Amino acid sequence: MELNYKVLGEGQPLLILHGLFGTLDNWQTLGRELSKTYKVYLVDLRNHGRSPHTPEFSYQLMTDDLVEFFDQHQLQDAYLIGHSMGGKVSMNFALQHSERLSKLLIADIAPKAYPPHHDDIIAGFRSIDLNTIQNRQEADDQLAQKVEDFGTRMFLLKNLYRKDDNTFGWRLNLNAIEQNLDKILGNVESETPFTKPTLFLRGGNSRYIKPEQDLPQIQSLFPNATIQTIENAGHWLHAEQPQEFYRLTMEFLQK
């Protein structure tokens, strides 16, 4: 699969994978900062952004896509950063292809299974009548009936685009995501651990990583892992506290 991507800077390769409902655009600000030191690859995962849409959607498929991407670009000894769903793709890739990586950074996700919690977002997407809206404000007005938080709506509406015929469409493959959501919420598993340096960054206001509960599972798969907390940040910690995210990332990569 030919994944859509953007390259910034020069140096040792550093790949960044976005989360569910996201795109590489979510990481451009931090990508530009990191590109002062590294060759940064911002990647759209399948069924997201400008990458191809397929009915099939799973962590193994996204991992295989990433292997193909590494091969196409002849990447070795890379740093890999993944947020949320992209974090689970990154974990799965690291566990299966550890020889391709130097270090791994996971943003606000654990390898555990999560209960369903995207119903409002899916319903919000479905509530927007793409055939009748005239502009983004009308889309936001409809989305607000299902998703109260303004920041979340702005994040979701980055997927909205105007097509050549002047109607609106979604960059993401909503059908594939909805039909395979149980897979995306599942565990990351492996009989062989990833033993290279790994950092889990969590938002202090987020409940996605609970260190006291999740540390045993994390360390069973990533024995050389540490967990650090970014205070005053939720699940989108890289957007809410970009300077602290950048500081801790650079501190980890340059050890």
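Reply: Helix 3, strand 8 (198–203) and strand 9 (225–230) are among the parts that cover the buried residues of helix 9. Contact here means heavy atoms within 4.5 Å. Buried means under 20% relative accessible area, exposed over 50%, and partly exposed in between, with a 1.4 Å probe and protein chains only. Helices (H or I, at least four residues) and strands (E, at least two) are DSSP runs numbered from the N terminus. The model is predicted: local features need pLDDT of at least 70, side-chain atom pairs count only at pLDDT 80 or more, and totals for chains, interfaces and linings use all residues. Residues are numbered from 1 along each chain as its sequence is written, and side-chain values use heavy atoms, leaving out hydrogens and water.

Helix 9 spans residues 211–221, and its buried residues are Asp214, Ile218 and Leu221. They sit on the same side of helix 9, because they cover an arc of only 55° around the axis. That arc is taken from the directions from the helix axis to the C-beta atoms. An α-helix has 3.6 residues a turn, so residues three or four places apart point the same way. Glu212 and Pro216 are exposed on the other side of helix 9.

Now follow helix 3. Helix 3 (85–96) and helix 8 (181–184) are the elements that give two or more residues to the lining of the largest cavity. A cavity is a set of points on a 1 Å grid over the protein atoms alone where a 1.4 Å probe fits but cannot get out; lining residues have an atom within 4 Å of a point. There is one cavity of 30 Å³ or more. The largest cavity holds about 100 Å³. Volume is the space filled by probe spheres set on the points, which are joined across faces, edges and corners. Thirteen residues line it, and Ser84, Ile109, His118, Ile184 and Leu185 are the closest to its centre. By class, that lining has nine nonpolar, three polar and one charged residue. Nonpolar covers Ala, Val, Leu, Ile, Met, Phe, Trp, Tyr, Cys and Pro; charged covers Asp, Glu, Lys and Arg; the others, Gly among them, are polar.

The model has eleven aromatic pairs. Rings of Phe, Tyr and Trp (its six-membered ring) pair if their centres lie within 6.5 Å; planes under 30 degrees apart are stacked, over 60 edge-to-face, and the rest tilted. Phe70 and Phe93 make a tilted pair, because their planes meet at 35°, with centres 4.7 Å apart. Phe70 is in helix 2 (residues 59–72) and Phe93 in helix 3, so the pair ties together parts 23 residues apart in sequence. Phe70 is buried, at 0% relative accessible area. Phe93 is buried too, also at 0%.

A further pair is Phe125 with Trp170: edge-to-face, 4.8 Å centre to centre, 90° between the planes. Phe125 belongs to helix 4 (residues 119–127) and Trp170 to strand 7 (residues 168–170), so this pair ties together parts 45 residues apart in sequence. Both Phe125 and Trp170 are buried. Ring pairs also link Tyr5, Tyr41 and Phe69 into a cluster.

Notes: 1 Å grid on protein atoms, 1.4 Å probe; cavity = no way out; pocket = protein on both sides within 12 Å on 5 of 7 lines; lining within 4 Å.
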